[in-house]
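Here is a friendly briefing to read alongside the structure. Take a look at the picture, then follow the points topic by topic.

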Amino acid sequence: MSAKKPVPFLRQVISVTKKVHRDPRFDDLSGEYKPEIFMKTYSFLDGIKKQEKEMIQKQLKKCRNMEQKEKLQQLLNRMTQQEQAQKKQQKLRERELSLKRQQRELAKQGKKPFFLKKSEKRKLELAEKYAELKRSGKLESFLNKKRKRNAIKDKRRLPSQKNS
């Protein structure tokens with residue numbers, strides 16, 4: 001049928017229902033995202049990741065090809081970084097939960113709830129980091145690195161000394 005001819009007045013035009021695509025990440029039907037439940041549900045993946053990491057380490061020891069060895073090393077580094085990030089996230093979540101628990105306890109006692117500012121949370125986090133470094137004995141090396149970094153920044157900010 002020609003597209004240029006108008007549709008007759010009495011002709012029945014059937015509308016095609018458009019298929020609606022939905023993204024489960026943003027859809028309410030999928031429920032609310034709760035990291036604690038997510039971590040519990042998919043905790044078995046940690047074991048699998050650990051096995052994969054061990055397997056990659058074994059392959060890295062056996063490997064003779066330099067390119068392959070480099071790829072495996074990058075993959076291993078990536079896996080360890082992901083693991084560290086996950087641990088850091090878990091610590092942050094636990095800290096938030098403990099603060100919430102403290103607030104609930106204070107509310108039960110009849111006191112007014114007090115919420116920390118971001119800067120205060122950051123200070124607590126920094127203090128915890130320093131305490132952890134002190135326990136592991138890496139505080140001095142960390143402070144030395146920080147001093148060096150700051151010295152380099154200060155040098156860069158200073159106007160250049162020209163001999164004239």
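Glutamate 52 counts as partly exposed, because its relative accessibility is 37%, and its place is in helix H2. Glutamate 52 and leucine 76 are 24 residues apart in sequence, and their C-alpha atoms are 9.5 Å apart in space. Please keep in mind that this is a predicted model.

**How confident is the prediction?**

- The protein has a mean pLDDT of 88, and 97% of its residues reach 70 or more.
- Confidence is highest in helix H2, at 95, and lowest in helix H1 (residues 35-41), at a mean of 88.
- As a reading tip, where pLDDT is low, the predicted coordinates should not be read in detail.

**The annotated region**

- In the UniProt record, an unreviewed entry, the annotation "coiled-coil region" covers residues 49-136.
- The span of residues 49-136 is 86% helix and 0% strand in this model.

**Salt bridges**

- How many salt bridges does the structure hold? The count is 8, and some of them are described here.
- Aspartate 23 and arginine 25 meet through their side chains in a salt bridge, at 2.6 Å from N to O.
- Aspartate 23 is partly exposed, because its relative accessibility is 30%, a value between the cut-offs of 20% for buried and 50% for exposed.
- Arginine 25 is exposed, because its relative accessible area of 65% is over 50%.
- Lysine 53 and glutamate 83 also meet in a salt bridge, at 3.6 Å from N to O.
- Lysine 53 lies in helix H2 and glutamate 83 in helix H3 (residues 66-108), so this pair ties together parts that are 30 residues apart in sequence.
- Is lysine 53 buried or exposed? Lysine 53 is buried, because its relative accessible area is 15%, and under 20% counts as buried.
- Glutamate 96 forms a salt bridge with lysine 121, where the closest N and O atoms are 3.8 Å apart.
- Glutamate 96 lies in helix H3 and lysine 121 in helix H4, so the pair ties together parts that are 25 residues apart in sequence.
- Glutamate 96 counts as partly exposed at 32% relative accessibility, and lysine 121 counts as partly exposed at 31%.
- A network of salt bridges links Arg95, Glu125 and Glu128.

**Aromatic rings**

- How many aromatic pairs are there? The count comes to 4 aromatic pairs.
- One of them joins phenylalanine 38 and tyrosine 42 in a tilted arrangement, with 4.9 Å centre to centre and 45° between the planes.
- Phenylalanine 38 is partly exposed, because its relative accessibility is 39%.
- Tyrosine 42 is partly exposed too, at 38% relative accessibility.
- Another pair is edge-to-face: tyrosine 130 and phenylalanine 142 are 5.9 Å apart centre to centre, with 85° between the planes.
- Why does this pair tie together parts that are 12 residues apart in sequence? Tyrosine 130 lies in helix H4 (residues 118-136), whereas phenylalanine 142 lies in helix H5 (residues 139-157).
- Tyrosine 130 is partly exposed, with a relative accessible area of 25%.
- Phenylalanine 142 is buried, because its relative accessibility of 19% is under the 20% cut-off.
- Ring pairs also link Tyr33, Phe38, Tyr42 and Phe44 into a cluster.

- Which residues make the nonpolar surface patch? Tyr33, Phe38, Tyr42, Phe44, Leu45 and Ile48 make this patch of about 610 Å².
- Helix H2 (residues 44-62) gives the most to the nonpolar patch, with 3 residues.
- Phenylalanine 44 is found in helix H2.
- Is phenylalanine 44 buried, exposed or partly exposed? Phenylalanine 44 is partly exposed, because its relative accessible area is 49%, and exposed means over 50%.
- The ring cluster and the patch can be viewed together: Tyr33, Phe38, Tyr42 and Phe44 are linked by ring pairs, and the patch includes Tyr33, Phe38, Tyr42 and Phe44.

Note on methods
Residues numbered from 1 in each chain as written. Predicted model: local features only at pLDDT ≥ 70, side-chain atom pairs only at ≥ 80, totals over all residues. Heavy atoms only, no water. Patch = residues over 30% accessible without salt bridge, like charges linked within 9 Å, V, L, I, M, F, W, Y side chains within 5 Å. Areas by Shrake-Rupley, 256 points an atom, 1.4 Å probe, with all protein chains shown as cover. Salt bridge = Lys/Arg side-chain N within 4 Å of Asp/Glu carboxyl O. Helix = DSSP H or I, 4+ residues; strand = E, 2+ residues; numbered from the N terminus. Buried < 20%, exposed > 50% of the residue type's maximum accessible area, 1.4 Å probe, protein only. Phe/Tyr/Trp six-rings, centres within 6.5 Å; stacked < 30°, edge-to-face > 60°. UniProt positions renumbered as here; feature names shortened; annotations may be inferred. pLDDT = per-residue confidence, 0-100.
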